[in-house]
Amino acid sequence: MKEAVRKALAAPGPTDEALAVLDASPPAALTGPLLSALLSPTPLVRWRAVTALGRAVCRMAEARLEDGRIFVRRLMWYLNEESGAVGWGAPEAMAEILARHEGLAREFHRILLSYIRELEKDCTFIDHPPLRRGAFWGVARLAQARPELALPAVPDLVTGLADCDPESRGLCCLALTLLRPEETPEMLAGFLALAGDTHVFDLYWDGELRPARVSELARTAHALLSQPGLYPHQP
């Protein structure tokens, strides 16, 4: 199974076509090799593992919801300091699962959002910027699939526009663009502050890796949200 997973993740062509071969395998047999692939040094392989985990765990939960819950809790444990693990890929995989399965999304979306919410005490905010970047991507993915569940993260996304990590700043712009919340002066000022942010990073979106510039993401968000009435807001 490990070799079949490796070949699928590295296959040429569109991601959905490459991963379709894994849909015939029992999801429980896929999760181990896919979790290992989250640590791949090859970016597209690593990201495809995120997508494949979402597909596999969704099938798992459709057959038996409790099995899906157990897997999501496993990802949560990886992000717990007590686990001793770093948790690379865990926020992204969790988000992909929640994007694909409504029941798990409604049960666990608050946990995902908590990873970008910094409180004075008793919080699960991810302190490590590169790992927190994955949580920002996860919130953007949830915003794409289930915007009503991601809307409570808007204040934290606005705060994230000033994150120390440039990729996280760009991902906050993307998430806010997808959510289309009511604009605020702080939000619009945050976008304007990024107008000169020329950092370019590889954004995995809709199964593809593509270059994205923080300043362009900020300009898109500002143009969309600074014109009340031009675009409908999410309820």
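# Salt bridges and pockets in a predicted model

Glu216 is partly exposed, with a relative accessible area of 43%, where partly exposed lies between buried (under 20% relative accessible area) and exposed (over 50%), computed with a 1.4 Å probe and protein chains only. The structure is a predicted model, in which local features need pLDDT of at least 70 and side-chain atom pairs count only at pLDDT 80 or more, while totals for chains, interfaces and linings use all residues. Residues are numbered from 1 along each chain as its sequence is written, and side-chain values use heavy atoms, leaving out hydrogens and water.

## Salt bridges

The partner of Glu216 is Arg213, with which Glu216 forms a salt bridge, that is, a side-chain nitrogen of Lys or Arg within 4 Å of a carboxyl oxygen of Asp or Glu. Arg213 is likewise partly exposed, its relative accessible area being 31%.

| Salt bridge | N to O distance |
|---|---|
| Asp67 and Arg64 | 2.5 Å |
| Glu96 and Arg141 | 2.8 Å |
| Arg213 and Glu216 | 3.9 Å |

In the pair formed by Asp67 and Arg64, Asp67 is partly exposed at a relative accessible area of 27%, and Arg64 is also partly exposed, at 46%. The salt bridge between Glu96 and Arg141 has an N to O distance of 2.8 Å; Glu96 lies in helix H6 and Arg141 in helix H8 (residues 129–145), so this pair ties together parts of the chain that are 45 residues apart in sequence. Helices (H or I, at least four residues) and strands (E, at least two) are DSSP runs, numbered from the N terminus. Both Glu96 and Arg141 are buried. A network of salt bridges links Glu66, Arg69, Arg73 and Glu107.

## The loop at Val86

Val86 sits in the loop between helix H5 (65–78) and helix H6 (90–100), and is partly exposed, with a relative accessible area of 42%. Although 45 residues separate Val86 from Leu131 in sequence, their C-alpha atoms are 8.1 Å apart in space.

## Pockets

Which residues lie nearest the centre of the largest pocket? They are Arg46, Trp47, Glu92, Pro130 and Arg133, out of a lining of 21 residues. Here a pocket is an open set of points on a 1 Å grid over the protein atoms alone, where a 1.4 Å probe fits, with protein on both sides within 12 Å along at least five of seven lines, and its lining residues have an atom within 4 Å of a point. The largest pocket has a volume of about 460 Å³, the volume being the space filled by probe spheres set on the points, which are joined across faces, edges and corners. Two or more lining residues come from each of helix H4 (43–63), H8, helix H11 (166–179) and strand E1 (200–205), and H8 gives the largest share, 5 residues.

The second largest pocket holds about 380 Å³ of space. Its lining consists of 18 residues, of which Leu79, Asn80, Glu81, Thr124 and Phe125 are the closest to the centre. H5 and helix H7 (102–114) each supply at least two residues of the lining of this second largest pocket.
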